[in-house]
Amino acid sequence: MAATETSSSSTSTVRNAFGNVLSCFILLLIGVLAFSIRLFSVIKYESVIHEFDPYFNYRVTQFLTKSGIYDFWNWFDDRTWYPLGRVIGGTVYPGLTLTAGTLWWLLNSLNIPLSVETVCVFTAPVFSAFASWATYLLTKEVKGAGAGLTAAALLAMVPSYISRSVAGSYDNEAVAIFALIFTFYLYIKTLNTGSLFYATLNAISYFYMVCSWGGYTFIINIIPMHVLLCIVTGRYSSRLYIAYAPLVVLGTLLAALVPVVGFNAVLTSEHFASFLVFIIIHVVAVVYYIKGILSPKMFKVAVTLVITVGLAVCCAVVGVLIALVASSPTKGWSGRSLSLLDPTYASKYIPIIASVSEHQPPTWPSYFMDINVLAFLVPAGIIACFSPLSDASSFVVLYIVMSVYFSGVMVRLMLVLAPAACILSGIALSQSFDVFTRSIKFQLPGLSEEPQADSGVTNSNNAVSETDSAKTVKSEDTVRERPSRKNKKKEKETVEKAPVKSKAKKRLLALPLEASVLALFLLVLLGAFYVVHCVWAAAEAYSAPSIVLTSHTRDGLHVFDDFREAYAWLSHNTDVDDKVASWWDYGYQTTAMANRTVIVDNNTWNNTHIATVGTAMSSPEKAAWEIFNSLDVKYVLVVFGGLVGYPSDDINKFLWMVRIGGGVFPHIKEPDYLRDGQYRIDNQATPTMLNSLMYKLSYYRFVDTDGKGYDRVRQTEIGKKYFKLTHFEEAFTTHHWMVRIYKLKAPKNRHRGKTKKSKSKASSTTSSKRSVTSNKNPWH
């Protein structure tokens, strides 16, 4: 009997060791997959920074590696937001920059001489592998290693995450998604183990998230919601207290160290929920502590006292919070947070936020494009989380519910939905494979006689249930050590009947053989379809850099490199101190690639400054010249796609310029640019539209291209074809007319009019003296 138990224990040990080695090997392959699937942009195009914001991050990283950390914190950038400038160290989330700078320093210390640009290009693919491994750890804590491996593989390929982490996408989300998932993992790990060590790591991980992205407010709100949910449903424990209290105290102190956050960590409404739940959990902890040391009668009296004091403290805190909130015009919320709570807020009050395309609500096809078949697997994963329901699984359910809501408000937050969808889909697929393979195993002739327990890579309970089961087994073993003579026979019969009962219980979960095989085939087919879609999305949809455009026609592949052509012209043909005005979308690229001073850029911190540029673009030529001349602007850059069919040009963005400008300067009215409520640029366009600076700079000499002035984006001929510029002159137009640069003409010299003859001699004498004086050269 002892020999049998020893052999079975050794067999299980070998099986577990093999399962762990296999899991590590699979995780390594998943990391390689996550990294390599994001290299299509480098393979198909070149190693280049994508989009707009990444160019600012790249420029900041260059400054950090050249000047050091201290100069970085104190850097005042006079090349942006002229004439205001910008303090970079106090207005940027430094996590991405410090991470890439540290990687560059480590590689160069190891004599791997990579350029800063190369490190920036490949930072996102590297951290996508880290995010996949963090997803494995998180899902393993919820439903076991099998679900963790499946979720990690799904996240490595999900298009929503690929769109923000391809090689060259050097944006904050590149490292922030890893920090988000890893923080959630450490919270669940602390919740399962009650370890103060993991609680401290959780606060440090939260600090890294705060350094990396403004989306850290999602963490500091969803975790208090989960804690409150556990308290309300009667699932409070000391582990819950250890998981939450250090995070609020230590995490808030660390968050206040980030200059861009500072005292906002305790003064803004986004953080108030965590403080309120912090008070509630302490009240509950005191109640449970008193319950353990007092009699039931004294407990009722003490609870009444504690609840009374707790309510008084809560009311005082709520009163203080209400006073702070009432003193703020936005009630203590940022504009983006108010847009999430009220989707119509930005369009009503802050058009600069509503003008950003990634702040628009997504369409239904966006969900299928970005998460594909995961949208159909998520409901099954939610059901699996309720059998059985644990603290960890309830957190995952809350995570998916909140992320679905926020992704429905803002398409950018599809990125937050992707990890939750992968976790729940991994749980659903793992549970399904477990049921179907077990059904086949029980019905095959060779395997039905000796059913075995689940292997090392199957679903397991969380650490809490494992601890409870271990205690149960230990208590049972203690009883078995000292059996009575009467119970020896019964105990022997019970041990012999146990495999029969477990076998019968597992047979109840078995499905018909044909149905199981068909279901497995459909799941494999579904996974294959997901892989094909993800590879296509990575190769075609999300790998093309916005700064280099391509088009496939009958003549073959056409490359449009107009942006870099325009920035190179500015860099080589203008003075270093020249100021360039454009819409804020192109500010970061102009500063980073052309090294010229810009009026506004993508930081959008000063709405009045942006409204001034929008007003200039919306005004007639003379009024626009006066505005730009007052800002010392020498060149104006516009993006025009009417010749090649590029839809993201300034004409399509023009109404946002009108709305933002009209929000600050009331004489700019949107109806003046619309004909019967329609935005037109043809012969039905309004005179205000045809005389605006944006129209003239975009369509100047456009009729010379085809003789008709046909706009391929708007699918119509322009209304005003022949006109001349009086205050601007064309300086440069790129090969495909996508970027046009104009120079402000110098102001004309002022000439005094002839002196009128006066009736009196005295006046005539005085006027003659003045005329003589005016004719003299003042420098002689």
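Tutor: The buried residues of α25 pack against α2 (40-44), α7 (145-157), α8 (159-162), α19 (364-370), α20 (374-385) and α22 (414-443). Packing here rests on contact, meaning heavy atoms within 4.5 Å. Buried means under 20% relative accessible area, exposed over 50%, partly exposed in between (1.4 Å probe, protein chains only).

Student: Which residues of α25 are buried?

Tutor: They are S516, A519, L520, L523, Y530, H533, C534, A537, A538 and A539.

Student: What kind of model is this, and how are residues numbered?

Tutor: This is a predicted model, where local features need pLDDT of at least 70, side-chain atom pairs count only at pLDDT 80 or more, and totals for chains, interfaces and linings use all residues. Residues are numbered from 1 along each chain as its sequence is written, and side-chain values use heavy atoms, with hydrogens and water left out.

Student: How many helices and strands does the protein have?

Tutor: The protein has 34 helices and 11 strands. Helices (H or I, at least four residues) and strands (E, at least two) are DSSP runs, numbered from the N terminus. Of the 780 residues, 47% are buried.

Student: How do I check the length of a helix?

Tutor: The expected span is 1.5 Å times one less than the number of residues. Helix α25 (residues 513-541) has 29 residues, so it should span 42 Å; its end C-alpha atoms are 41 Å apart, which agrees.

Student: How do I describe two packed helices?

Tutor: Two packed helices are described by the angle between their axes and the distance between the axes. Axes are lines fitted to C-alpha atoms, for helices over the stretch in contact, and angles run from 0 to 180 degrees between N-to-C directions. Take helix α9 (residues 173-193) and helix α11 (residues 216-232). Their axes come within 11 Å and cross at roughly 25°. Angles under 35 degrees count as roughly parallel, over 145 as roughly antiparallel, 65 to 115 as roughly perpendicular and the rest as oblique. So α9 and α11 are roughly parallel.

Student: Which residues make that contact?

Tutor: From α9 come L180, T183, F184, Y187 and L191; from α11 come F218, I219, I222, I223, H226 and V227.

Student: At what angle do α9 and α12 cross?

Tutor: They cross at roughly 150°, with axes that come within 7 Å. That makes α9 roughly antiparallel to α12. Y187, T190, L191, N192 and T193 in α9 meet R239, L240, I242 and A243 in α12.

Student: Is L254 buried or exposed?

Tutor: L254 counts as buried, at 18% relative accessibility. L254 is found in helix α12 (residues 238-255). Leaving aside neighbours within four places in sequence, L254 is in contact with A203, I204 and F207. F207 is 47 residues from L254 along the chain, yet their C-alpha atoms are separated by 5.9 Å.

Student: What should I look for in the backbone?

Tutor: Most residues other than glycine have a negative phi, and most peptide bonds are trans. Now the cases here. The peptide bond from Y82 to P83 is cis, with omega near 0°. The bond from S387 to P388 is cis too, with omega near -5°. N372 has a positive phi, near 55°. N372 lies in the loop between α19 and α20 and, at 0% relative accessibility, counts as buried.
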